[in-house]
Amino acid sequence: MNYAEQLGIQAKAAEKAIAGASAMVKNEALAKIAAALTENAATILEANELDIKNAAANGMSTVMQDRLRLTADRIKGISDSIEDVIKLEDPIGSVDSGTVRPNGMSITRVRVPIGTIVIIYESRPNVTADAAVLCLKSGNAVILRGGKEAYHSNKCICDVMRGALKTTGLPEDIIQFVDDTSHETANQLMKCNKYVDLLIPRGGAGLIRACVENATVPVIETGVGNCHVYVDESADLDMAVSIVNNGKTRRVSVCNAVESLLVSEKIADKFLPMIKKVFDEKNVEIRGCEKTAAILGECVVPAAEQDYATEFLDYKISVKVVSDVGEAIEHIGKYTTHHSECIVTNSVDNAERFKKEIDAAAVYVNVSTAFTDGGMFGLGAEIGISTQKTHARGPMGLRELTSMKYIISGNGQIRCP
């Protein structure tokens, strides 16, 4: 028996307790977890500081260190998001649909937990709390495998949450932390079909690709965001500057950050200098096409083909001047990761065409892509942004962590040939 199987056995042993827990019991447990995280903030920050020091010593970029860093405000934000989850309706046991067949047999479809969920993630220790809380509220056991760069932060947060569970009567193995951050253990979890019902990777393209290619358990892809904004010829240019700047520079290390800017050739001469002015304040590097360089000059790094396909997660952006909305849609279709795409326009026709023809989890009209987030969508915390076309697409909240069960009732009906 390997390490992953041991974790799986423990999760399955705890699974029945959380699957059968009432909404009140689960909410009480969540409230104790939120309080414990706040009460132990200083200890969590000490652990996080050790991770930050190690990251700096290992040459991690300042942008990626920002993903890793916790602050008192960020811990408060984690606790506040738990309070938001407590307020959400418990999906377990809710009836999706029902019917009575001609023979009098009644069929109802109800929401049930998925079972045991493994989350493999990188860098962001807030995911430890977000994932555990959502899995608990939706009646699932969870196994958390974070990256080695956030090991001390993740373990401390998990220890605090497990300690809070001890006071609730629920088994602490509802939430388990993988101490071994080796690739071998990750691969074991990906193939632990006997005990794991679902794997959700949350991180960069390399992590997600490794899970999709190697896992034998079901996988939901999340996260990679090569997000575009197209500024249409009819756009309010001041609005466009605000939306593009917010999407790009608010926080460059997140998956909903804008990585590529497309601009109609009819307004490029006016708009590009406007956006460059605000980008200069944050030292954003522009990698642009020949038309972009002709307008902005030598500051533009000539864009290579790969630049338009890259999730930079940095103060860099690819820029292309296009003829119209049709060329913009064609470009996005070629390079999209199906995460979040935006058009800034005052044309109803162009907005409708963009909404219909863009294939993405979130399509925006005159709104920053920064809103692709479970909290912003009213889901409380989120477990990731699904870019697939399964039952879960976009920000994944409680409902996306449930499955369905059919309940059939009757009074002796039998099926005849």
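The largest pocket in this structure holds about 760 Å³ of space. The model is a predicted one. Helix H4 (62-68), helix H5 (72-87) and helix H6 (126-137) are the elements that each give two or more residues to the lining of the largest pocket. Of these, H5 gives the most, with 6 residues. Nearest the centre of the largest pocket lie Arg-124, Asn-126, Asp-130, Arg-251 and Asp-373.

The second largest pocket has a volume of about 310 Å³. Two or more residues of its lining come from each of strand S3 (116-121), helix H8 (183-190) and helix H9 (205-214). The lining residues that lie nearest the centre of the second largest pocket are Glu-122, Arg-145, Thr-181, His-183 and Leu-207.

| Pocket | Volume | Lining | Nonpolar | Polar | Charged |
|---|---|---|---|---|---|
| Largest pocket | about 760 Å³ | 31 residues | 10 nonpolar residues | 8 polar residues | 13 charged residues |
| Second largest pocket | about 310 Å³ | 16 residues | 6 nonpolar residues | 6 polar residues | 4 charged residues |

The surface also carries a nonpolar patch, formed by Phe-371, Met-376 and Phe-377. Together these residues have about 310 Å² of accessible area. Phe-377 sits in the loop between strand S13 (362-365) and strand S14 (385-386).

Note on methods:
Residues numbered from 1 in each chain as written. Predicted model: local features only at pLDDT ≥ 70, side-chain atom pairs only at ≥ 80, totals over all residues. Heavy atoms only, no water. 1 Å grid on protein atoms, 1.4 Å probe; cavity = no way out; pocket = protein on both sides within 12 Å on 5 of 7 lines; lining within 4 Å. Points joined across faces, edges and corners; volume = space filled by probe spheres on them. Helix = DSSP H or I, 4+ residues; strand = E, 2+ residues; numbered from the N terminus. Nonpolar A, V, L, I, M, F, W, Y, C, P; charged D, E, K, R; others polar. Patch = residues over 30% accessible without salt bridge, like charges linked within 9 Å, V, L, I, M, F, W, Y side chains within 5 Å. Areas by Shrake-Rupley, 256 points an atom, 1.4 Å probe, with all protein chains shown as cover. Salt bridge = Lys/Arg side-chain N within 4 Å of Asp/Glu carboxyl O.
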